Amino acid sequence: MRLVACVNHVPDTETKVKIGADGKSIDRAGVNFVINPYDEFAVEECLRLKEKSGGEVIAVSLGGDPHKETLRKALAMGADKAVLLKDDSPRDSFSVARALADYLKELSPDIIFFGKQSIDSDDAAVGGMVAEMLGLPSASVVVGLELAGEKNAVAEREVEGGHEKVAVSLPAVFTAQKGLNEPRYPSLKGIMGAKGKPIEEKQPTPPQNKTEVRSMQKPHAKGAGKIVGTGAGAVSELVRMLHEEAKVI
Amino acid sequence: MPKFQGVDYYNSDDLLSEDEILVRNTIREFVDENVIPIIEKHYREGTFPMDLIPKMAELGLFGSTLPEKYGCAGMNNVAYGLVMQELERGDSGLRSFASVQSGLVMYPIFAFGSEEQKDNWLPQLASGKAVGCFGLTEPDFGSNPGGMITRAEKVKDGYVLNGAKMWITNGTIADIAVVWAKLNGEIKGFLVEKGTKGYTAPEMTGKHSLRSSVTSELVFQDCRIPEQNILQKSGGLKSPLMCLTQARYGIAWGTIGSAMACYDTALRYAKSRIQFDKPIAAFQMTQEKLVYMLTEITKAQLLCVRLGRLKDQNKAKFTQISLAKRNNVHHALEIARMAREILGANGILDEYPVMRHSANLESVKTYEGTHEMHTLIIGEDITGIPAFV
Ligand SMILES: Cc1cc2nc3c(=O)[nH]c(=O)nc-3n(C[C@H](O)[C@H](O)[C@H](O)COP(=O)(O)OP(=O)(O)OC[C@H]3O[C@@H](n4cnc5c(N)ncnc54)[C@H](O)[C@@H]3O)c2cc1C
């Protein structure tokens with residue numbers, strides 16, 4: 001079985017991002033980049049599927065050289081191969097999906113796993129787009145996956161207020177949600193072993209972006225809190241404000 | 001609490017390779033998720049977190065510089081040091097466990113043991129199925145281990161050990177003890193298995209330091225061990241000292257971890273604690289302390305990377321390792337004490353890690369050669385005059 005995990009290299013959630021001088025992108029200086037947390041679930045799931053049913057796990061990333069760090073992590077966790085679709089330009093979800101789909105078509109995997117979204121631009125679009133471009137079935141926001149023979153799988157999805165199980169035929173595309181699994185730490189042996197596994201570089205030919213970022217803004221700074229008063233006497237005023245001004249009750 | 005982001009004022013990460021950084025970050029994450037949330041409780045109760053042993057083993061933390069054929073990772077010394085740094089950022093007790101298992105038990109078996117001993121013990125120790133301890137210090141012989149009283153006597157089919165060791169990390173929980181004893185006047189290493197008749201390892205109590213580490217006595221009363229349990233290639237005080245060189249190297253790195261935890265805590269506290277209508281970080285005396293901390297951490301980092309590269313080239317002298325152990329522990333302890341001062345009364349609470357690190361570092365300053373002994377080791381090296389007696 002050929003299992004592909006698509007992984008993105010994104011700013012650490014702890015990083016305080018600054019908007020760059022162009023007002024349209026973030027300032028990368030001093031920002032710590034990590035594997036996209038949802039993609040870590042994707043890698044882990046592929047590794048578990050391989051451990052159960054055999055096959056090979058390939059990690060694929062589109063981006064510049066720094067993405068190799070994330071691919072190395074996937075290799076250290078246990079992926080067999082890594083491929084960098086080398087591309088340094090700013091990309092929207094559509095052109096990323098197109099470039100990945102073109103490459104994945106050639107690779108023809110049985111299972112393609114994404115994270116449900118990248119925490120950098122939060123589009124949550126690439127997985128679904130790739131499935132569409134390849135004409136494959138897909139299940140998104142997956143919290144469980146069982147193979148049913150070689151050609152079918154049942155995915156458990158999170159839906160509003162509950163879970164649902166959907167059956168798909170393989171090959172198929174899945175996007176991982178938190179809760180799917182507990183990603184392993186790469187072991188020290190895995191990290192040393194990953195040094196010997198090559199990262200293959202390919203030149204993708206992505207199309208033009210379909211969207212363009214015009215500007216980026218930080219959220220407004222929080223205003224100071226308001227103390228309505230003290231004691232029971234203040235309660236009615238607080239209720240009035242929550243109702244009429246904040247409109248939350 | 002926000003996630004620890006590292007301290008790197010001199011871009012010393014640029015001196016590390018991609019995989020060294022991945023090793024460091026992996027252990028950092030492991031410690032944040034598995035150690036920091038539980039360690040204060042263990043410290044308070046005076047227990048070692050036993051359930052971390054299989055987790056550390058799975059990561060490959062034990063004997064990680066030894067060859068793969070024994071189930072080890074075959075890492076270089078810089079990566080090993082970074083592991084020690086991150087473990088000790090969690091707690092010195094945890095680093096002590098890993099230091100003893102790797103540098104003081106697996107290393108002597110690897111360096112002085114027979115093929116059968118290596119094949120038998122190294123995979124068990126690497127996988128955490130067996131825990132080891134190292135018995136050198138005795139009640140009356142600490143800085144002067146050459147005077148040890150513990151004796152081994154050759155008998156038919158083996159040896160009989162008599163004597164007592166004290167202050168032995170992991171003693172009570174160890175499946176295998178590397179014990180140093182005099183055989184016909186020469187110091188030799190022996191492997192003593194848990195449960196051997198005549199061998200007991202009661203735990204020492206009453207510690208105000210390294211409380212989340214097990215410290216024990218080892219008592220040998222006509223303890224008979226089989227012939228094949230001698231570390232045949234060991235001989236003289238040099239052998240245990242070679243082990244200590246490994247462990248001291250790990251301490252030099254480890255204490256950077258304690259120091260970083262204390263600095264990070266103090267810096268954040270100083271920026272948020274208001275007195276006289278200002279954050280206390282605005283006072284010159286607080287800034288002076290923070291700058292001292294950062295300066296010493298930066299120097300210690302550079303010292304260790306250089307030392308690690310020398311060690312990887314087999315060029316590190318034991319005196320250079322003494323210099324790094326002596327310097328880094330001393331400053332880590334000063335940093336912990338200063339952090340405690342910056343936190344004021346809060347500094348003594350177990351809500352913050354500084355008092356625990358400070359108390360731990362009091363032991364670290366003494367074990368693996370006291371600060372003074374390392375002074376004398378380096379002093380002898382540069383003057384040619386030994387000043388031990
Ligand atoms: C928590 C803990 C864990 C330990 N774990 C282990 C272990 O796993 N295995 C093991 O074998 N040992 C272990 N030790 C023992 C440790 O290595 C010894 O405590 C250390 O070597 C010092 O010996 P001592 O305590 O007997 O002090 P002493 O040797 O009595 O020294 C007391 C003081 O006198 C000073 N001093 C001694 N001689 C001189 C001199 N010639 N010139 C100047 N000053 C001198 C010392 O520097 C020190 O300040 C551990 C100790 C602790 C606290």
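**Close-up views of a two-chain predicted model**

Chain B is divided into domain 1 (12-126), domain 2 (132-231) and domain 3 (238-383); these bounds come from an automatic or database domain assignment. This is a predicted model, in which local features need pLDDT of at least 70, side-chain atom pairs count only at pLDDT 80 or more, and totals for chains, interfaces and linings use all residues. Residues are numbered from 1 along each chain as its sequence is written, while chains are lettered from A and ligands numbered from 1 in the order in which they are written.

**View 1. Domain 1 meets domain 3 in chain B.** The centres of these two domains of chain B, taken over C-alpha atoms, are separated by 20 Å. Across the boundary, 27 residues of domain 1 of chain B are in contact with 28 residues of domain 3 of chain B. Contact means that the C-beta atoms of two residues, placed from the backbone, lie within 7 Å. On the domain 1 side, the elements giving two or more residues are helix H1 (18-45), helix H3 (77-90) and helix H4 (92-112) of chain B. Helices (H or I, at least four residues) and strands (E, at least two) are DSSP runs, numbered from the N terminus. By class, that side has eleven nonpolar, nine polar and seven charged residues. Here Ala, Val, Leu, Ile, Met, Phe, Trp, Tyr, Cys and Pro count as nonpolar; Asp, Glu, Lys and Arg count as charged; the others, Gly among them, are polar.

**View 2. The ligand lies between domain 2 and domain 3 of chain B.** Both domains give residues to the shell around the ligand, so it lies between them. Of the 21 residues around the ligand, Leu136(B), Gly142(B), Ser143(B), Thr370(B) and Glu372(B) come nearest. A residue is near the ligand if its C-beta atom, placed from the backbone, lies within 6 Å of it. At least two shell residues each come from strand E1 (132-135), strand E3 (158-169), helix H9 (354-366) and helix H10 (371-383) of chain B. The shell divides into ten nonpolar, nine polar and two charged residues.

**View 3. Chain A touches chain B.** At this interface, 13 residues of chain A are in contact with 18 residues of chain B. Helix H2 (67-77) and helix H5 (188-194) of chain A are the elements that give two or more residues to the chain A side. That side has six nonpolar, one polar and six charged residues.

**View 4. Helix H3 of chain A and its packing partners.** This helix covers residues 93-107 of chain A. At 1.5 Å a residue, its 15 residues should span 21 Å, and its end C-alpha atoms are 21 Å apart, which agrees. The expected span is 1.5 Å times one less than the number of residues. Buried positions in H3(A) include Val96(A), Leu100(A) and Leu104(A). A residue is buried if 20 or more other C-beta atoms lie within 10 Å of its own, exposed if 12 or fewer, and partly exposed in between, with C-beta atoms placed from the backbone. The buried residues of H3(A) pack against strand E1 (2-6), strand E6 (56-63), strand E7 (81-86), strand E8 (111-115) and helix H4 (126-134) of chain A. Just after H3(A), Ser108(A) takes a positive phi of about 40°.

**View 5. The largest nonpolar core and Ala59(A).** The core has 172 residues. Such a core is a set of buried Ala, Val, Leu, Ile, Met, Phe, Trp, Tyr and Cys residues joined through C-beta atoms within 7 Å. Ala5(A), Ala59(A), Val130(A) and Phe190(B) have the most contacts inside it. Leaving aside neighbours within four places in sequence, Ala59(A) is in contact with residues including Ala5(A), Val43(A), Leu71(A) and Ala82(A).

**View 6. Backbone exceptions in both chains.** Most residues other than glycine have a negative phi, and most peptide bonds are trans. The peptide bond from Leu170(A) to Pro171(A) is cis, with omega near 0°. Pro171(A) sits in the loop between strand E11 (162-169) and strand E12 (172-176) of chain A. Trp167(B), in strand E3 of chain B, has a positive phi of about 65°. Trp167(B) is partly exposed, with 19 other C-beta atoms within 10 Å. Leu210(B) has a positive phi near 45° and lies in the loop between strand E6 (199-200) and strand E7 (215-226) of chain B. Leu210(B) is buried, with 24 other C-beta atoms within 10 Å.
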